[in-house]
Amino acid sequence: MSDQFTIADTAAQLILKRTPLRPKIGLVLGSGLGSFADALTDAVRVPYAEIPQFPCSTAIGHAGRMVVGNAGDVPVATMQGRVHLYEGYSAQEIAFPIRVFGRMGIRAVILTNAAGGINRSYAQGALVLIRDHINLQGVNALVGANDERFGVRFPDMTHAYAKEYRAMAREEADKLKIELHEGVYAALLGPSYETPAEIEYLRRIGADLVGMSTVAEVIAARHMAMKVLAISCVTNMAAGILDQPLSHDEVMETGERVKTTFEALLRAVLPRIATDVV
Ligand code: HPA
């Protein structure tokens with residue numbers, strides 16, 4: 001049996017063989033943002049099912065694929081669709097695509113997600129730069145024997161979300177007149193939404209946002225010393241903030257409404273990050 005490093009390397013070579021592009025930036029597109037990858041030029045699309053050991057969601061309509069193409073002048077590798085712990089995947093499985101990014105030569109990852117807003121200064125549809133996270137998923141992508149070829153046993157998480165990338169995103173948002181907040185993301189396992197008591201607890205421990213993704217990916221990226229920018233779309237206010245039940249339909253609707261703005265911000269930030277990873 002091959003080790004995960006060798007498998008990630010094989011997967012990376014398989015993807016790179018299909019394109020002359022050599023992206024240094026990887027994007028993980030959360031629910032509703034898949035159209036960003038559809039708009040790439042010179043694109044090659046590799047279904048996850050064709051990539052060795054790549055986790056593919058079993059849910060209908062969530063096949064998922066890696067799209068490598070140009071966003072304007074910037075070559076990028078994008079994951080169109082991701083898997084989650086609540087689907088039953090292990091944190092190591094969720095980390096694997098990020099490790100493939102790393103072995104493809106990706107130096108910076110941009111992660112997007114849908115999140116519930118805990119901070120009352122946010123409104124539904126707000127875009128929020130993640131400044132830091134609180135991992136309450138009960139798992140860590142790096143549990144198990146450490147492979148030093150990926151990174152060190154005890155990676156530092158002090159600067160998990162690159163300060164300079166956040167500054168770039170804020171500058172570009174200002175130019176586009178997009179309001180961009182900044183906050184702390186608490187990651188829970190899901191799939192049930194939180195109770196109002198859980199949201200009050202998360203607020204008291206310093207969380208501004210709550211979601212069910214991203215953190216395992218960030219940890220895997222930092223392990224490999226890739227830099228991270230992460231942006232949440234507040235698709236709904238978290239449980240108990242407003243006196244109304246949460247629904248997945250609401251999450252999808254808000255995602256759809258904010259998509260154009262979110263994608264404009266991504267397109268503006270990419271050339272800035274590209275200057276850092278050449
Ligand atoms: N809680 C957890 N995850 C989410 C939410 C939420 O309210 N909204 C979107 N993803």
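Trainee: How far is a nitrogen atom of the ligand from a polar backbone atom of Ala114?

Mentor: That distance is 3.4 Å. First, the ground rules: the model is predicted, local features need pLDDT of at least 70, side-chain atom pairs count only at pLDDT 80 or more, and totals for chains, interfaces and linings use all residues. Residues are numbered from 1 along each chain as its sequence is written, and side-chain values use heavy atoms, with hydrogens and water left out.

Trainee: And which polar side-chain atoms lie by a ligand nitrogen?

Mentor: Glu194 has one at 2.8 Å, and an N or O atom in the Asn236 side chain is 2.6 Å from a ligand nitrogen.

Trainee: How much of the ligand does the protein bury?

Mentor: The protein buries 95% of the 260 Å² that the ligand exposes when taken alone. Those areas come from the Shrake-Rupley method with a 1.4 Å probe.

Trainee: Which element gives the most to the shell around the ligand?

Mentor: S5, with three residues. Strands here are DSSP runs of E, at least two residues, numbered from the N terminus.

Trainee: New topic. Is Asn70 buried or exposed?

Mentor: Asn70 counts as buried because its relative accessibility is 12%; buried means under 20% relative accessible area, exposed over 50%, with a 1.4 Å probe and protein chains only. Asn70 lies in strand S3, residues 65-71.

Trainee: What does the Asn70 side chain join to by a polar contact?

Mentor: The side chain of Asp42, at 2.8 Å. A polar contact is a pair of N or O atoms within 3.5 Å; within protein, one must be able to donate a hydrogen and the other to accept it, and residues adjacent in sequence count only if both atoms are side-chain atoms.

How values were computed:
Helices (H or I, at least four residues) and strands (E, at least two) are DSSP runs, numbered from the N terminus.
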